[in-house]
Amino acid sequence: MTDTFTIEFHQIRPRLFGIAYRMLGSRADADDAVQDTWLRWNANDTRADLASADAWLVTVVTRLCIDRLRSAIAEREAYIGPWLAEPIVTRASDLPESRLELAGEISMAFMLMLERLGPEERAVFLLHDVFDCDYADIAAAVGKTEAACRQLLHRARERVRTDKPRFAVSDAAHMKLLGRFVTAAQSGERAQLAQLFAPDATFRADGGGKVSATINVVRGADKLARFYESMARKYGATTTFEHAIINGQHGLLRLVDGRLDSTMSFDTEDGRIAAIYVVRNPDKLVRAS
C-alpha cells in the first residue's frame, strides 16, 4: 500500500515541477531536481512533525534549483546562439493532471525574460509572483531574511518589466494568424509573409551548435519575410507544419520529411506576429518527438 507521505509528495509534485522547470528551463533538469527532492523527502525522519510539507518541499526543490542554475550560468554563456527553454509540448492524449504543471505563466517569452535574473532573484520572483508564496516561506527557501527577499523581488521586477507590454490575444485570433503564417511560409510569397510580421518582429533560433540555426536574433518584418522566402525555396517540398500547444500557447511543430525538425512559439500583437521562438537543438526535442 502507498503510505501517506508518498501520497502527500505526489499531490505536491506538479507544483514542484512547475517551480523547477521555470527555474531551470529544462525538463530533464527539472525532473532531476524533483527526483532529488523526493529522495530527501523519503530520507527525512521528521516528516510527521513538519508544520507544512508543502513549504518544506518547496524549500528543498528551490535550493536544489538555485545550486543547479549557478553551475549552468557558465554553460549558457558559452552556448552557441540564443538559448531557449526546452519546450513542453502538450497533446490531447496527455493526462489531465499534466495540465497542472502548466498552471500560470510558462510561455517562451516569459522563460526568456527570466534569463535576465540571477538564481536567487529568479527564485524569489517566481515563488512570490507566480506561486503566491508568502515572504516567510520564500525567505526559508532561499536562505535570506524577509527584508532581503523584498529587495530581491523589487530588483527582479525592475529587470523583467522593461519590455513593452503585450496585449492578450484570443485563441481564435492567434490560431487564425498561425494558419495564415503556415500558408505563407509554405508558398514563400515574400509580400504575403511581410504583412504577417510587426515592423520590429524578432526571430530567435536555438540550435545549440548541434544543428544549423541563426546565431544572431533576426529583426524586422522584411528580414523575416526574406528568411522564410529562402526557407520555402530550399525546403518547401519536404516541410509540413502541425498545430501543438507549446508551453501553454498555440504553436507549431515543423516537420521535414515527416520528422520533427523544430518547435515554433509565437508572440502576437495587433494582429501580427511580434516574435518567433524556434527550438531546433535535438537534445531539447527528445520529449517533443
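**A pocket, a cavity and the rings around them**

The model is a predicted one, in which local features need pLDDT of at least 70 and side-chain atom pairs count only at pLDDT 80 or more, while totals for chains, interfaces and linings use all residues. Residues are numbered from 1 along each chain as its sequence is written, and side-chain values use heavy atoms, with hydrogens and water left out.

Pockets and cavities are found on a 1 Å grid over the protein atoms alone: a cavity is a set of points where a 1.4 Å probe fits but cannot get out, a pocket is an open set with protein on both sides within 12 Å along at least five of seven lines, and lining residues have an atom within 4 Å of a point. Grid points are joined across faces, edges and corners, and a volume is the space filled by probe spheres set on the points.

Strand S2 (197-206), helix H10 (221-235), strand S5 (249-256) and strand S6 (259-269) each give at least two residues to the lining of the second largest pocket, and the largest share, four residues, comes from H10. Helices (H or I, at least four residues) and strands (E, at least two) are DSSP runs, numbered from the N terminus. By class, the pocket lining has ten nonpolar, three polar and three charged residues, where Ala, Val, Leu, Ile, Met, Phe, Trp, Tyr, Cys and Pro count as nonpolar, Asp, Glu, Lys and Arg as charged, and the others, Gly among them, as polar.

The structure also holds one cavity of 30 Å³ or more, and the largest cavity has a volume of about 70 Å³. Its lining includes Tyr228, Met231, Phe241 and Arg254, and the elements that give two or more residues to this lining are helix H8 (171-187), H10 and strand S4 (239-246). H10 gives the most here, with four residues, and the lining as a whole has six nonpolar, three polar and one charged residues.

The structure holds 13 aromatic pairs, in which rings of Phe, Tyr and Trp (its six-membered ring) have centres within 6.5 Å, with planes under 30 degrees apart counted as stacked, over 60 as edge-to-face and the rest as tilted. Phe17 and Tyr21 are stacked, because their ring centres lie 6.2 Å apart and their planes meet at 10°; both residues belong to helix H1 (residues 4-24), four residues apart, about one turn of the helix. Phe17 is buried at 2% relative accessible area, and Tyr21 is buried at 1%, where buried means under 20%, exposed over 50% and partly exposed in between (1.4 Å probe, protein chains only).

Phe203 and Phe227 form a tilted pair, 4.8 Å centre to centre with 50° between the planes. Phe203 lies in S2 and Phe227 in H10, so this pair ties together parts that are 24 residues apart in sequence. Phe203 is buried at 3%, whereas Phe227 is partly exposed at 23%.
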